[in-house]
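User: I would like to go through this model and ask how each label was reached. Please set each value against its definition.

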Amino acid sequence: MKSFIEYGKVTNFPLQNIPFGVCEINGERRICTALGSYVIDLKMLEELGYFDEIMNKNGKLFSYGVLNHFLSLGRVISRTARKILQELFDEKNPLLRDNAEHREKCIHHMNNVKMLMPILIGDYTDFYSSREHATNVGEMFRGKENALMPNWLHLPIAYHGRSSSIIMSGKEVRRPKGQTRPDPDKPPVFGPCRQLDFELEMGFFVGTGNPLGESISVDEAEEHIFGMVIVNDWSARDIQSWEYQPLGPFLAKNFATSISPWIVTLDALEPFRTEGPKFEKELLPYLHTKGNPTFDIKLEVGIKSEKMTEPAIVCRSNYKNLYYNMRQHLAHHTVNGCNTRPGDLMASGTISGSTKDSRGSMLELTWRGTEPLTLPTGEERKFIEDGDTVIMSAYCENKEYRIGFGEVKTKIIP
Ligand code: CA
């Protein structure tokens with residue numbers, strides 16, 4: 001598969017990818033896809049008639065400011081739309097290739113457009129599905145004996161997050177303030193968070209949801225999932241450790257969650273399927289998944305202080321490290337009859353691996369600040385400082401091409 005649009009071998013966005021996003025083009029919100037270093041205006045292609053074969057039955061797909069309607073149409077429609085695009089941009093297809101006027105109208109260089117929030121996110125749920133992360137955090141917060149709670153090996157733990165503070169890559173985050181108790185023998189204090197942290201996660205967007213009172217089974221789950229983004233679930237560890245019992249995270253988590261702008265479909269990830277981990281405890285039947293339920297997605301976190309020109313990589317992990325998979329997330333979330341809607345976001349939880357350098361948060365990388373990281377400039381980091389930029393990236397790769405997510409990049413301001 002090759003496009004008439006030129007791109008190098010290591011692009012995140014070859015013709016095999018076809019992610020979906022929203023760009024600002026000439027002051028307007030436009031649903032787009034990405035090819036190499038270019039974005040393709042899908043509303044323009046729709047107006048020019050290139051999606052008529054789907055639109056005759058389903059109406060407009062892309063003439064909206066967000067992707068929610070497209071998600072609600074389900075994966076059969078999104079598969080067909082991707083196929084139309086892959087055929088349209090194939091190097092051997094003259095239809096658009098030889099139509100300079102249409103090309104001019106719909107193809108823009110990435111540098112000339114601004115990426116916008118692609119979805120009106122309804123509900124946001126954050127899972128806690130890395131056994132290594134849950135064990136590390138449990139050990140630091142509650143001690144080695146109580147590291148993994150007894151329910152953890154039986155169900156995917158999660159909490160309801162907040163969607164109003166989900167922001168795009170590129171948007172700065174202001175250091176949160178709050179109540180902490182640094183000295184357990186003294187009363188709590190108020191002030192700026194002193195243990196600001198990132199969490200390396202991946203999230204999926206629900207496509208077609210389910211009505212209240214009904215459930216989505218593990219076997220049906222993937223047909224209800226549109227695609228994935230990188231998620232940085234910002235966390236204030238000092239606020240968290242004081243507030244989290246008995247009801248779980250609140251102000252330590254709801255001040256910001258950053259996501260990457262391009263949604264990569266599960267269809268694009270298909271060649272990178274892989275098996276999940278062995279389950280230590282026999283799971284209840286509603287959580288049994290067949291075949292290869294997860295994906296081999298390489299993940300990286302870099303930190304760039306204001307003195308640095310290039311980020312230093314502090315973590316290399318992989319999505320396949322997770323104990324529970326996406327099918328289990330959606331099946332468990334809806335098993336009680338909880339409804340989901342197109343555009344709901346479900347994040348995986350911090351994706352840590354078994355090695356020290358695969359830990360997906362500063363809390364774990366520096367073991368709560370007791371083993372600080374040294375950046376190439378000699379600066380020490382226990383947590384994230386003002387002026388630091390955190391960059392997360394994700395991609396799948398085989399011998400022929402790479403399916404990239406791009407990055408989520410966030411600067412912390414005082
Ligand atoms: Ca999280």
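User: Why is Arg368 called partly exposed?

Analyst: The relative accessible area of Arg368 is 31%. Buried means under 20%, exposed means over 50%, and partly exposed is what lies in between, with a 1.4 Å probe and protein chains only. Arg368 is therefore partly exposed. A word on the source: this is a predicted model, in which local features need pLDDT of at least 70 and side-chain atom pairs count only at pLDDT 80 or more, while totals for chains, interfaces and linings use all residues. Residues are numbered from 1 along each chain as its sequence is written, and side-chain values use heavy atoms, with hydrogens and water left out.

User: Where is Arg368, and what is noted about its phi?

Analyst: Arg368 sits in the loop between α11 (362-365) and β23 (373-374). Its phi is near 60 degrees, a positive value in a residue other than glycine. Ile18 also has a positive phi, near 50 degrees, and is not a glycine either. Ile18 belongs to the segment before β1 (21-25).

User: Is Ile18 buried or exposed?

Analyst: Ile18 is buried, because its relative accessible area is 0%.

User: What makes a stretch of the chain a helix or a strand?

Analyst: Both are DSSP runs, numbered from the N terminus: a helix is a run of H or I with at least four residues, and a strand is a run of E with at least two. By that rule the protein has 11 helices and 26 strands.

User: How do you know whether the overall size agrees with a compact globule?

Analyst: The radius of gyration is taken over C-alpha atoms, and the globule rule is 2.2 Å times the number of residues to the power 0.38. For 414 residues the rule gives a value near 22 Å; the protein has 22 Å, so the two agree. Along the principal axes, the C-alpha atoms fill a box of roughly 75 × 55 × 40 Å. Of the 414 residues, 55% count as buried.

User: What makes Asp267 buried?

Analyst: Asp267 has a relative accessible area of 18%, so it counts as buried. This residue is in helix α9 (residues 266-269). Leaving out residues up to four places away in sequence, Asp267 touches Arg75, Arg79 and Arg82. A contact means heavy atoms within 4.5 Å.

User: How many contacts join residues that are at least 24 apart in sequence?

Analyst: Among contacts between residues at least 6 apart, the share is 72%.

User: What makes two strands a pair?

Analyst: Two strands pair if DSSP finds at least two bridges between them. Strands of a sheet pair through backbone hydrogen bonds, either parallel or antiparallel. Strand β20 (residues 298-304) and strand β25 (residues 389-397) are joined by 7 bridges and run antiparallel. Within this pair, Leu299 has Ala394 of β25 as its bridge partner.

User: Which open sheet holds these strands, and which strands are at its edges?

Analyst: The open sheet has 5 strands in the order β9-β26-β25-β20-β21, with mixed pairing. Its edge strands are β9 (173-174) and β21 (312-318), each of which pairs on one side only.

User: Why is Ile313 called partly exposed?

Analyst: Its relative accessible area is 38%, so Ile313 is partly exposed. Ile313 is in strand β21. Beyond its neighbours within four places in sequence, Ile313 is in contact with Glu300, Val301 and Gly302. Gly302 is 11 residues from Ile313 in sequence, and their C-alpha atoms are 4.1 Å apart.

User: Why is strand β14 described as mostly covered?

Analyst: Strand β14 (residues 225-232) has 8 of its 8 residues buried.

User: Where is the cis peptide bond, and what is its omega?

Analyst: The cis bond joins Gln245 and Pro246, and omega is about 10 degrees. Pro246 lies in the loop between α8 (237-243) and β16.
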